[in-house]
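Please read the briefing below alongside the sequence and the 3D structure. It is arranged by topic.

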Amino acid sequence: MAGHSQFKNIMHRKGRQDAQKSKLFSKLAREITVAAKLGTPDPAMNPRLRSAVIAARQENMPKDNIERAIKKAVGGESESYDEIRYEGYGPGGVAVIVEALTDNRNRAASDIRSYFTKSGGNLGETGSVAFMFDRTGIIEYDASVASDDAMLEAAIEAGADDVVSSESGHEIYASQETFREVAKALEGKFGEARKAALTWKPQNTVAVDDETGEKLLKLIDLLNEHDDVQNVYANFEVSDALMAKMGG
């Protein structure tokens, strides 16, 4: 799990730079609008919308932007987006899942396929790699919220499946079915989480050398920079040295 967490931090390194903020806000707004359109516009009654709003707050998205994205759905002004999952293999045979929200399926498929091909990988059929991941809920808290033991005890009591604590924070995992109840119980005890969402968690991770790791990270950056791409997941670990190099 440590490698997966490290990788996740690398994936988000560019998203926190000011130059990327407007693109990031646009993606967050798109998810908020879609979530509000599919369910009720009240985050307290719509778990997916609540997760999207929490994610937006974590990135310091202005409250006005969040409210505007919800109103777009309510007013019926929003574009119609298709939710699509792409699956394939990146360099080194690493499994990659890409989640997209797009208003042009052909464009999205063509662009994403070309990214995989250029990186030395290939896009597969839906289901070609998903079996190597578990669809699970993740709830994250800062390390300062509770001690490792206190978080573990609370998570077990709430019905969570697993807890990974480190100096970067607590990651609590729960099944897709129990995720919302676990998140609610922990929120009652520790306040709002810094993240609460469904994710694709690799069942196993593959350690790759730095050369392959660099190609993979470049592919993932390319995918993340695409307007239609919301999330990218992969099942590999990279070295601390490469992490430092790519993060710098």
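Leu-186 is buried, because its relative accessible area is 1%, under the 20% that marks the limit for a buried residue. This residue is found in helix H7. The model is a predicted one, and the mean pLDDT of its chain is 88.

**Leu-186 and its surroundings**

- Leaving aside neighbours within four places in sequence, Leu-186 is in contact with Ile-139, Tyr-141, Ala-154, Ala-155, Ala-158, Ile-172 and Gly-191.
- Among the buried residues of helix H6 are Ala-154, Ala-155 and Ala-158, and these three are also contacts of Leu-186.
- Lys-37 is 149 residues from Leu-186 in sequence, and the two C-alpha atoms are 27 Å apart in space.

**Helix H6**

- Helix H6 covers residues 148-158, and Met-151, Ala-154, Ala-155 and Ala-158 are buried in it.
- Seen down the axis of H6, the buried residues fall within an arc of 100°, so they line one face of the helix.
- An α-helix has 3.6 residues a turn, so residues three or four places apart point the same way.
- On the face of H6 turned away from the buried side are the exposed residues Asp-149, Glu-153, Ile-156 and Glu-157.
- The buried residues of H6 pack against strands E4 (133-141), E5 (162-166) and E6 (169-175), and against helix H7 (179-190).
- After H6 comes Gly-159, which has a positive phi, near 100°.

**The second largest pocket**

- The volume of the second largest pocket is about 300 Å³.
- Its lining is made up of 16 residues, and Pro-47, Arg-50, Arg-180, Lys-184 and Glu-187 lie nearest the centre.
- At least two lining residues come from each of helix H3 (47-58), E4 and H7.
- Sorted by class, the lining has 10 nonpolar, 2 polar and 4 charged residues.

- Asn-60 lies in the loop between H3 and helix H4 (63-74).
- Asn-60 is exposed, because its relative accessible area of 61% is over the 50% cut-off.
- The phi of Asn-60 is near 60°, a positive value in a residue other than glycine.
- Gly-127 lies in the loop between strand E3 (122-124) and E4.
- Gly-127 counts as partly exposed, with a relative accessibility of 38%.
- Beyond its neighbours within four places in sequence, Gly-127 is in contact with Arg-85 and Glu-87.
- Between Gly-127 and Ser-110 there are 19 Å from C-alpha to C-alpha, and the two are 17 residues apart in sequence.
- Ala-241 belongs to helix H9 (residues 240-247), and it is exposed at a relative accessible area of 53%.
- Ala-241 and Val-229 are 12 residues apart in sequence, with their C-alpha atoms 28 Å apart.

**Confidence in the model**

- In the chain, 91% of the residues reach a pLDDT of 70 or more.
- Confidence is highest in helix H5 (residues 105-118), at a mean of 96, and lowest in helix H1 (residues 2-11), at 43.
- The pLDDT is below 50 over residues 1-7, a stretch with 19 contacts in the model beyond near neighbours in sequence.
- Over residues 9-16 the pLDDT stays under 50, and the model has 19 contacts beyond four places in sequence for them.

Definitions and conventions. Residues numbered from 1 in each chain as written. Predicted model: local features only at pLDDT ≥ 70, side-chain atom pairs only at ≥ 80, totals over all residues. Heavy atoms only, no water. Buried < 20%, exposed > 50% of the residue type's maximum accessible area, 1.4 Å probe, protein only. Helix = DSSP H or I, 4+ residues; strand = E, 2+ residues; numbered from the N terminus. Arc of directions from axis to C-beta. Contact = heavy atoms within 4.5 Å. 1 Å grid on protein atoms, 1.4 Å probe; cavity = no way out; pocket = protein on both sides within 12 Å on 5 of 7 lines; lining within 4 Å. Points joined across faces, edges and corners; volume = space filled by probe spheres on them. Nonpolar A, V, L, I, M, F, W, Y, C, P; charged D, E, K, R; others polar. pLDDT = per-residue confidence, 0-100.
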